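Good morning, and thank you for coming.

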Amino acid sequence: MVVFGNSVRESSSFDTILFDLDDTLYPGNTGLSGALKRNIEDFLVEKCGFSETQAATLRVELFKTYGSTLAGLRVLGYNVDADDYHSVVHGRLPYDLIKADPQLRNLLNSISQRKIIFTNSDRIHAMKAMDRLGIADCFDQIICFETMNPNLSKATRPDEFPVVLKPSMEALKIALSVAEVDPRRTLFLDDNVRNIAAGKAVGLRTALVGKTMKTKEADYALEKVNNLAQVIPEIWVNGVEKGEPRISRTNSEIESSLAITAVGA
């Protein structure tokens, strides 16, 4: 595998890559999404006293209106603790459905720019999913639920601090501030069209994952994240480092290097 230095390469369009996690770094057809929905409904039944029929309808309505069930419940006055919510919704997930992905690990290790996870999920879930994929050590930073909601546990009433999540502008601005990035030189990958639109609105370069056609706000579209080298090869363009001459790689050379399974992956 070709290894690049850690310095920013002037010829690349990007200094930082922001990656969504769920349904972006692993496929949406793993079965985890269905399990997540069932867990949310179980929480509504067990913790909030709704019937199973009410829970199924409410989960959809709260997501559409407030962006998440947790956010909606707190707006409606339910004093739901975020850690308690995540312990059920994520804590009961069948993580064994997520398989190690050596090709993805190779891909990430070949990118010398800063790599940051930007997820609405809590940190515990993010680490479990990344561990299962075998990529936990491939990232420089994790921006997650706790990052966007640092004061939620201090609230004296449910509506004191609204839950902040993508695709809200506040969530995107927090991410840019915490990551200390220039949005014009940052690539943002996400599977959610609304998140992509929000990213574009704050000036990020955007890549819609899980689709073959771009939306108006997406600069790129890729069917799966492992197609990144084929769709956005300029990430791997070499620049001049410490006065050394520039060396370019063709798409085929990039793909060949990524096809080699990393030792110990």
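Helices α1 and α4 are oblique to each other, a word kept for angles that are not under 35 degrees (roughly parallel), not over 145 (roughly antiparallel) and not 65 to 115 (roughly perpendicular). The angle at which α1 packs with helix α4 (residues 82–89) is about 130°, and their axes are 8 Å apart. Axes here are lines fitted to C-alpha atoms, for helices over the stretch in contact, and the angles run from 0 to 180 degrees between N-to-C directions.

Before I continue, a word on the model and its conventions. The model is predicted, and for that reason local features need pLDDT of at least 70 and side-chain atom pairs count only at pLDDT 80 or more, whereas totals for chains, interfaces and linings use all residues. Residues are numbered from 1 along each chain as its sequence is written, and side-chain values use heavy atoms, with hydrogens and water left out.

Returning to the pair, α1 and α4 cross in a right-handed manner; the crossing is called right-handed if the near helix is turned clockwise from the far one by less than a right angle, and left-handed if anticlockwise. Which residues of α1 meet α4? They are L36, N39, I40, F43 and K47, and they meet D84, Y85, V88 and V89 in α4. Contact means heavy atoms within 4.5 Å. The residues of this contact of α1 with α4 divide into six nonpolar, one polar and two charged. In this scheme Ala, Val, Leu, Ile, Met, Phe, Trp, Tyr, Cys and Pro are nonpolar, Asp, Glu, Lys and Arg are charged, and the others, Gly among them, are polar.

Helix α1 (residues 32–48) also packs with α2: their axes come within 9 Å and cross at roughly 125°. That makes α1 oblique to α2. The crossing by which α1 passes α2 is right-handed. On the α1 side we find K37, I40, E41, L44 and V45, which meet E52, A55, A56, L58 and R59 in α2. The residues of the contact of α1 with α2 comprise six nonpolar, no polar and four charged.

E52 belongs to helix α2 (residues 52–66). Is E52 buried or exposed? With a relative accessibility of 66%, E52 counts as exposed, given that exposed means over 50% relative accessible area, buried under 20% and partly exposed in between (1.4 Å probe, protein chains only). From C-alpha to C-alpha, E52 and E41 are 7.1 Å apart in space, and they are eleven residues apart in sequence.

Let me now step back to the whole protein. There are eleven helices and six strands. Of its 265 residues, 48% count as buried. Among contacts between residues at least 6 apart in sequence, 64% join residues at least 24 apart.

I turn next to the loops. Q113 lies between α5 (102–109) and β2 (114–118), and at 6% relative accessibility Q113 counts as buried. A polar atom of the Q113 side chain lies 3.1 Å from the backbone oxygen of F14.

D191 sits in the loop between β4 and α9 (193–201). Its relative accessible area is 21%, so D191 is partly exposed. Which residues does D191 contact, leaving aside its neighbours within four places in sequence? They are D20, D22, D23, T24, L208, V209 and K211. The C-alpha atoms of D191 and G210 are separated by 5.9 Å, although the two are 19 residues apart along the chain.

D23, one of the residues in contact with D191, is in the loop between β1 (16–19) and α1. D23 is not a glycine, yet its phi is positive, at about 65°. D23 is partly exposed, with a relative accessible area of 27%.

E180 likewise has a positive phi, of about 55°, without being a glycine. E180 is placed in the loop between α8 and β4 (186–190), and E180 counts as exposed at 70% relative accessibility.

Finally, P167 lies in the loop between α7 (145–148) and α8 (169–179). The peptide bond from K166 to P167 is cis, with omega near 15°.

How values were computed:
Helices (H or I, at least four residues) and strands (E, at least two) are DSSP runs, numbered from the N terminus. A polar contact is a pair of N or O atoms within 3.5 Å; within protein, one must be able to donate a hydrogen and the other to accept it, and residues adjacent in sequence count only if both atoms are side-chain atoms.
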